[in-house]
Amino acid sequence: MSVRRTDPAPGDATLGIGELSRRTGLTPQLIRAWETRFGFPEPVRTPSGRRRYDARDVDRIGRVLTLKESGSRLAQAVARVQEEPDDVRSLSVYGELRRGLPHLGTRLMRRDVLVAISRAIEDEALARAVRPVVFGAFQREEFYARSSARWEELARTAEQCVVFADFTATDPDAEPVTIALDPASPLLREWAVVVSSSDFAVVLTAWEVPDHDSERRFEVIFTLEPAAVRIALDVCTATARAAGVTAPDVVPLAGAARPSGPAADALVLRAFDYLQGLGSGDL
């Protein structure tokens, strides 16, 4: 897994148009056309007149492409991304999916049911996915500790494996990479598992419902939809980069491939097996 420490100041305009083109898949001609038509992305000009772009423009362009793929017109997609907050600490996987793909359904689930589905995704990623990119949000370090052995196993075969929680410090050399969330980050209230590879892609994200009797319950989005996986990946990679961690071979992600019928069926069946274990006390 090739991970390096980078300058955590994301506001510097350091990318030339060629590098932005390489990272986003847009041609330099198209980037300039968007700039002329929409004022997006907005470069800084060097004294010699060369364009320089903010590293965050990679994620912004990715989100525009995701919205366009999900049915938005280009002008609408650009306008929506331009309205987003600049501070990545305010980004939320759950919130971005609800805002960007409002047709996605949600379900209220108990914590034990959510654990069962999470484990099914993790196991299916181990069994099926080819060099996947994997992100996990655990809220608190103590919650991650309960699953750390499983995620260490995932990290051994993943292209990139990153976990977010209230860690005391970010460790880019750990496997998986551990990222300490800012105290203001909405991810501190979220549960998320995001997997993307050439043959398997899925996102599970959940927002904890406060003060729901004595039992922890979550409002859950669980989907194999490629546009949803892409949005989740954009949020996670932006959050990782804001912490000073990047994996250069992962951006741009080629887009989440929709799993084949057998892959989706295997995931559902594995989840059912874990859910059956709830009743028998095996989980």
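This is a predicted model: local features need pLDDT of at least 70, side-chain atom pairs count only at pLDDT 80 or more; totals for chains, interfaces and linings use all residues.
The protein has 283 residues, and buried residues make up 52% of them. Its secondary structure consists of nine helices and 12 strands. Among contacts in the protein with a separation of 6 or more, 69% are accounted for by residues 24 or more positions apart.

Helix H1 covers residues 17–24 and helix H2 covers residues 28–38. The two pack at an angle of about 100°, and their axes are 9 Å apart. Angles of 65 to 115 degrees count as roughly perpendicular, so H1 is roughly perpendicular to H2. On the H1 side, the contact is made by Ile17, Leu20 and Ser21, while H2 contributes Pro28, Ile31 and Arg32. Sorted by class, the residues of this contact of H1 with H2 comprise four nonpolar, one polar and one charged.

Helix H3 comes next along this tour. H3 runs through residues 56–69, a stretch of 14 residues. The buried residues of H3 include Arg56, Asp57, Asp59, Arg60 and Arg63, along with Val58, Ile61, Val64 and Leu67. Just after H3, glycine 71 takes a positive phi of about 120°.

Helix H8 can be described in a similar way. Its 17 residues, 226–242, should span 24 Å at 1.5 Å a residue, and the end C-alpha atoms of H8 are 24 Å apart, in agreement with that figure. H8 is mostly covered, with 16 of its 17 residues buried. Glycine 244 follows H8 and has a positive phi, near 90°.

H3 and H8 also meet each other. Their axes come within 10 Å and cross at roughly 170°. An angle over 145 degrees counts as roughly antiparallel, and H3 and H8 are therefore roughly antiparallel to each other. H3 makes the contact through Val58, Asp59, Gly62, Arg63 and Thr66, and H8 through Ala227, Arg230, Ile231, Asp234, Thr237, Ala238 and Arg241. The contact of H3 with H8 has four nonpolar, three polar and five charged residues.

The structure holds seven aromatic pairs. In one of these, phenylalanine 138 and tyrosine 144 are arranged edge-to-face, at 5.2 Å centre to centre and with 70° between the planes. Both phenylalanine 138 and tyrosine 144 are buried. Tryptophan 191 and phenylalanine 218 form another edge-to-face pair, with 5.5 Å centre to centre and 80° between the planes. Because tryptophan 191 lies in strand E9 (residues 190–196) and phenylalanine 218 in strand E11 (residues 217–223), this pair ties together parts that are 27 residues apart in sequence. Tryptophan 191 has a relative accessible area of 14% and is buried, and phenylalanine 218, at 0%, also counts as buried.

Leucine 15 lies in strand E2, which spans residues 13–15. Leucine 15 is buried, with a relative accessible area of 6%. Leucine 15 and alanine 55 are 40 residues apart in sequence, yet their C-alpha atoms are 6.4 Å apart in space. Residues up to four places away in sequence aside, leucine 15 touches Leu20, Arg23, Arg51, Arg52, Tyr53, Asp54, Ala55 and Val58. Leu20 is also one of the H1 residues in the contact with H2, and Val58 is one of the H3 residues in the contact with H8.

Phenylalanine 200 is found in the loop between E9 and strand E10 (201–208). With a relative accessible area of 0%, phenylalanine 200 is buried. Its C-alpha atom is separated by 8.1 Å from that of proline 132, a residue 68 residues apart from phenylalanine 200 along the chain.

Definitions and conventions: Residues are numbered from 1 along each chain as its sequence is written. Side-chain values use heavy atoms; hydrogens and water are left out. Helices (H or I, at least four residues) and strands (E, at least two) are DSSP runs, numbered from the N terminus. The expected span of a helix is 1.5 Å times one less than its number of residues. Buried means under 20% relative accessible area, exposed over 50%, partly exposed in between (1.4 Å probe, protein chains only). Axes are lines fitted to C-alpha atoms, for helices over the stretch in contact, and angles run from 0 to 180 degrees between N-to-C directions. Angles under 35 degrees count as roughly parallel, over 145 as roughly antiparallel, 65 to 115 as roughly perpendicular and the rest as oblique. Contact means heavy atoms within 4.5 Å. Ala, Val, Leu, Ile, Met, Phe, Trp, Tyr, Cys and Pro count as nonpolar, Asp, Glu, Lys and Arg as charged, and the others, Gly among them, as polar. Rings of Phe, Tyr and Trp (its six-membered ring) pair if their centres lie within 6.5 Å; planes under 30 degrees apart count as stacked, over 60 as edge-to-face and the rest as tilted.
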